[in-house]
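Let's take a friendly walk through a protein model. Have a look at the structure below, then read on.

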Amino acid sequence: MTDTGVAPRRRGTASGSSRRAELLTLAAEMFATKGFAQTTVRDIADAAGILSGSLYHHFRSKEAMLTELLSGFLDGLNARFTEIVESGVDPQADLDGLITESFRTIHRERLAVALYQNEASFLATVEGFEFVAERSRDNEALWIRVLEAGQASGAFQASLDPALTYRFIRDGVWSTVSWYRPGGRHTPETLAEQYLKLLHAGILA
């Protein structure tokens, strides 16, 4: 059996599960704001008000915490993207759906998105985190599939490079995690509406 680096979940009280979730949330916030490499197990334990050794009752290492955070985030995102593409009506509706879901994900999982944005390049070189690049490629393939389908149907400009178009859209959408805050002026839906207006019609009057 392969050791995933994540401590076995203990059967027990709901409070134990709640404590585990609390530790993951604390770790996500520290990894996303301070940086994974700069965050120590002691930092997380101190923020939780426990001894460092107590953290190891839930997780074997901070790498195990990062694995759980990113694998859950990326698997969930890929599942939602796949559902949109497989149940879509036409390429434009699919693309609009992917973009809207991306903004909703930033709203729901802001820390996970920021963590992924900050650490993905670094983790591409770290043994044990190959799943990050693999799942990223899976998501990219879904988006490019939609863009190519739109070009084939005549809905999207044939002269555009699908891979480059995907990168423009990806970076424009996901970079909003650096300034978007839930409860502010915009909702995920209004952000998506503004972005899609710009994408569909351009900026010229």
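## A serine in helix α5

S102 sits in helix α5, which covers residues 91-108. Helices here are DSSP runs of H or I with at least four residues, and strands are E runs of at least two, numbered from the N terminus. Keep in mind that this is a predicted model, where local features need pLDDT of at least 70, side-chain atom pairs count only at pLDDT 80 or more, and totals for chains, interfaces and linings use all residues. Residues are numbered from 1 along each chain as its sequence is written, and side-chain values use heavy atoms, with hydrogens and water left out.

Is S102 buried or exposed? Its relative accessible area is 0%, so S102 is buried (buried means under 20% relative accessible area, exposed over 50%, partly exposed in between, with a 1.4 Å probe and protein chains only). Leaving aside neighbours within four places in sequence, S102 is in contact with F81, W143, V173 and W174; contact means heavy atoms within 4.5 Å. S102 and S175 are 73 residues apart in sequence, yet 11 Å apart in space, C-alpha to C-alpha.

## The whole chain

Zooming out, the chain has nine helices and zero strands. Its C-alpha atoms fill a box of roughly 60 × 45 × 30 Å, taken along the principal axes. Out of 205 residues, 41% count as buried.

## Rings and a charge

There are six aromatic pairs in the structure. Rings of Phe, Tyr and Trp (its six-membered ring) pair if their centres lie within 6.5 Å; planes under 30 degrees apart count as stacked, over 60 as edge-to-face and the rest as tilted. The F31 and F36 rings have centres 5.0 Å apart and planes at 70 degrees, so this pair is edge-to-face. F31 is buried at 0% relative accessibility, and F36 is buried at 6%.

K62 lies over the face of F36, 4.4 Å from the ring centre (a charge sits over a ring if NZ of Lys or CZ of Arg is within 6 Å of the ring centre and within 35 degrees of the ring normal). Elsewhere, F81, W143 and Y166 make up one aromatic cluster.

Helix α4 (residues 62-86) and helix α6 (residues 110-123) pack at about 110 degrees, with axes 11 Å apart. Axes are lines fitted to C-alpha atoms, for helices over the stretch in contact, and angles run from 0 to 180 degrees between N-to-C directions.
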